[in-house]
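Hi there,

Here is the structure I promised to pass along. Have a look at it first, and then read on for my notes.

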Amino acid sequence: MKMTFRWYGSSMDPIPLKYIRQIPGITGVVTSLMDLPAGEVWPLERLKKLKNEVNGAGLELEVIESVNVHEDIKLGLPSREQYIENYKETIRNLKEIGVKVICYNFMPVFDWTRTSLDRVLSDGSNTMSYDQDMINKITDPQKFADEIQNQTGGFEMAGWEPERMAELKRLFQAYETVSHEQLKENLKYFLEAILPVCEECDIKMAMHPDDPPWDIFGLPRIANSLESFEEIISIADSPYNCITLCTGSLGSNPDNHLPEIIRHFGRKGRIAFVHARNLKIEKPGKFYESSHLSRDGSFDMYEIMKALNETGFDGYIRPDHGRMIWDEHGRAGYGLFDRALGIAYLNGIQESIEKQTK
Ligand SMILES: [Mn+2]
């Protein structure tokens, strides 16, 4: 498997590529053209420049996270046709620079959601946390979104792009008539349209699970369990219709048995990308993001890595959210230090598994 690191681009990420290059075992970065609104074609010239920059630092650029899906596609509006054509063109351009996997999600309106971006843990580190009781008390999602934006320390959060947040009210109204079944239909329509292009370009679509893995604010969510992903990979049957196995997103529901889910989809060759992180479930619906170490959180990271190895996983993996430690100031979840520690830890597990199985 190839160890990677999410990087937000030189203009938006305070972490220089040369630091990332020095993390043991790293092969490449996972990045995107974050400043482009969802639905636009990613220009080939900009992609070539990005590739040269990343390759020039001694790193590969083979995974994109994310090419965001325009809300009109999720809503199934007639205007989706143009956005789907644009998505296809972006896939073709990504092929030109050697991209192999596109991570995306199909969550309505809100991407990943947390109720705090800077909860202080007992060791003095900061982390992101979620509390369903707090979400249940929110009557105005706009106000909630504003509060979260105020905690970002000036960094634009992926999945919380300003143009999306600016039209929350309109989006909530638009989703009032969209059921879970309808959302699945809209996903099917999208995948059936783009997967032939993915096959032609040898690029896998890797859908990220809902985070947290249940409905919030009354919006439908459809990618949050073994059963729902089984349905997703079946609605458009292509080896390019794959999954981003995000341990934190799926695992915040303790009913999701992570090694079992990995074995299930790993055997089918449908895991293209892995987000490996740990979190501590305090009670159902309440959790914080811990260090990657198994005993700091609720997941057994050794069993997770073992399941990946047993099913011959040879795709891309990255540490996921980290805490803010050592007084680092950065984008919540995406500092350098704790994620680098996460990689070192995953490397250690991997080496021991490889040696044990030889
Ligand atoms: Mn993730």
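Predicted model: local features only at pLDDT ≥ 70, side-chain atom pairs only at ≥ 80, totals over all residues.

**Around S7**

That pair belongs to a stretch where strand S7 (residues 204-207) and strand S8 (residues 241-246) run in the parallel sense, joined over 3 bridges. S7 also pairs with strand S4 (residues 101-104), again in the parallel sense, this time over 4 bridges. There, Val101 has Lys204 of S7 as its bridge partner. In a regular strand, side chains alternate between the two faces of the sheet. In S7, Lys204 and Ala206 point one way, while Met205 and Met207 point the other way. All four of these residues are buried, Lys204 included.

**The open sheet**

Elsewhere you will find an open sheet of 4 strands with antiparallel pairing, in the order S5-S6-S11-S10. Its edges are strand S5 (116-120) and strand S10 (279-283), each of which pairs on one side only. On average, neighbouring strands of this sheet are turned by 35° against each other, direction ignored. At the S5 end, S5 and strand S6 (residues 126-131) are linked over 3 bridges in the antiparallel sense, and Arg119 has Thr127 in S6 as its bridge partner.

**H13 against H14**

Next, a helix pair. Helix H13 (residues 301-310) packs on helix H14 (residues 337-357) at an angle of about 55°, and their axes are 10 Å apart. H13 is therefore oblique to H14. The crossing of H13 past H14 is right-handed. From H13, the residues in the contact are Met301, Tyr302, Met305, Lys306 and Asn309; from H14, they are Leu346, Ile349, Gln350, Ile353 and Thr357. Sorted by class, the contact of H13 with H14 has 6 nonpolar, 3 polar and 1 charged residues.

Is Val197 buried or partly exposed? Val197 counts as partly exposed, because it has 19 C-beta neighbours inside 10 Å, and being buried takes 20 or more. Leaving aside residues up to four places away in sequence, Val197 touches Lys88, Ile91 and Arg92. Glu60 is 137 residues from Val197 along the chain, and the C-alpha atoms of the two are separated by 23 Å.

Key:
Residues numbered from 1 in each chain as written. Axes fitted to C-alpha atoms, helices over the stretch in contact; angles between N-to-C directions. Helix = DSSP H or I, 4+ residues; strand = E, 2+ residues; numbered from the N terminus. Parallel < 35°, antiparallel > 145°, perpendicular 65-115°, else oblique. Left-handed = near helix turned anticlockwise from the far one by under 90°. Contact = placed C-beta atoms within 7 Å. Nonpolar A, V, L, I, M, F, W, Y, C, P; charged D, E, K, R; others polar. Buried ≥ 20, exposed ≤ 12 C-beta atoms within 10 Å, placed from the backbone. Pairing = 2+ DSSP bridges.
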